[in-house]
Amino acid sequence: MNIIILGAGVIGVTQAYYLAKKGYKVTVFERHEGPALDTSHANAGQISPGYATPWAAPGIPFKAIKWMLEKHAPLAIRPTADLNQYKFMWDMFLNCNKEKYAINKSRLVRLSEYSRDCLIKLREDTGIYYENRSLGTTQLLRTKKQMEGIKADLEVLEKFNVPFEVLDAQGILNVEPGLKHSVNKLEGGLRLPNDETGDCFLFTNRLADIAKTIGVEFKFNQTVEDIIIENKKVKGIRANGEEYDADIVVDCLGTYTPFLLKKIGIKAPIYPLKGYSLTADIIDENASPTSTILDETYKIAITRFDKRIRIGGMAEISGYQINLNPKRRATLEFVTEDLFPGAGNLKTAIFWSGLRPKTPDSTPIIGGTEFENFYINAGHGTLGWTQSCGSASYLSDIIAGNQPEISTEGLDISRYAK
């Protein structure tokens, strides 16, 4: 059976690998010259199932108004002429209540925990190395209100048997001694010991090389122009003016999924959340993080690689532009120096931005569609790498006609038909 996958980001490459492992002939079409050159290129570097949290949460609409007046705001809204922007914002607003937050949080944790297990198995099977560390994530809480606010999340973590530790100042220093100069600014922390870190670009490219050894073919510099439908089934695709037949097509185009799916009558409510990152060389090992910290106030992650620090975060709802805003760089530098002064060379750091494919409820779209041989694996938002292996394994089981290892509830596009 011939399967075509659209997109060679971390989602597309992991999907190709898992399907090839099941014996399928897989071809990946990618518009860039290599894998992971869009959103997967320079993300925050965290694999964080324990921190799988919906952006649509109680209180966010009021916080968003307040953030508009702040210098280092974690969220910014730039109006565009695209009506989809306002539809997305409205639908996201409708998910900002306790009931929907609990449902969406449960879905994210279910998929993310499964994905962590799949990644561990993949690493055992392949020996893949991507500057990875398995030293957990520490969420830094600067206020008593934030400490109080984590209680609802702790209930979900307990429900899914996710280990965690609530930390005081000394507990924070025990796991992240580099915070010795800033721990007095913190009220406490939440440690998620099962979380991991690494370079997503390295992971995606090295997994693509492994996938090639088991038969996956990659076609780069290919713009997918259309999906060919015959008798209510997908016959193949058109890319760079040529037609390619397929028994099954899987969309892994992330942020650009809605444009292609619109051509075949499928509405995929995915919209870009623009994020930024800095990658800095380490100049003081003792002042650097040992793993990943997440600053809850500024929504910034600071992650340790072998000899580099990756600082990533923030969200702009501003359409499909990826220009580099110097104000966002200033925020990334401010948070880094506030927590880990002197750790990295920020003057020479590489500044980057990318578009995260976000759904209004923060849950990705994974599963079948009205066309029996067309599938979607997209819309993971800030959790693409965290959920990549689990999403690919899950969808591979569905395509193969096997019972998935986790519940299918609420994961495919049909939830938006209600």
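Me: Is Tyr256 buried, partly exposed or exposed?
Reply: Tyr256 counts as partly exposed, because its relative accessibility is 29%. Buried means under 20% relative accessible area, exposed means over 50%, and partly exposed is in between, with a 1.4 Å probe and protein chains only. This is a predicted model, where local features need pLDDT of at least 70, side-chain atom pairs count only at pLDDT 80 or more, and totals for chains, interfaces and linings use all residues. Residues are numbered from 1 along each chain as its sequence is written, and side-chain values use heavy atoms, with hydrogens and water left out.

Me: ok, how many aromatic pairs does the structure hold?
Reply: There are 14 aromatic pairs. Rings of Phe, Tyr and Trp (its six-membered ring) pair if their centres lie within 6.5 Å; planes under 30 degrees apart count as stacked, over 60 as edge-to-face, and the rest as tilted. One of the pairs is Tyr256 with Tyr320, which is tilted, at 5.5 Å centre to centre and 45° between the planes.

Me: where do those two sit in the chain?
Reply: Tyr256 is in the loop between strand 13 (248–251) and helix 9 (257–262), and Tyr320 is in the loop between strand 17 (308–317) and helix 10 (326–339). They are 64 residues apart, so the pair links distant parts of the chain. Helices (H or I, at least four residues) and strands (E, at least two) are DSSP runs, numbered from the N terminus.

Me: why is Tyr271 with Tyr320 called edge-to-face?
Reply: Their planes are at 75°, so the pair is edge-to-face, with ring centres 6.1 Å apart. Tyr271 lies in strand 14 (residues 271–281). Tyr271 counts as buried at 2% relative accessibility, while Tyr320 is partly exposed at 25%.

Me: which residues form the aromatic cluster?
Reply: Phe88, Tyr256, Phe259, Tyr271 and Tyr320 form one cluster.

Me: and what sits over the ring of Tyr256?
Reply: The charged end of Arg31, 4.8 Å from the ring centre. A charge sits over a ring if NZ of Lys or CZ of Arg is within 6 Å of the ring centre and within 35 degrees of the ring normal.

Me: new topic. how many bridges join strand 10 to strand 11?
Reply: Six, and the strands, residues 224–230 and 233–239, run antiparallel. Two strands pair if DSSP finds at least two bridges between them. Ile228 stands opposite Gly236 in strand 11.
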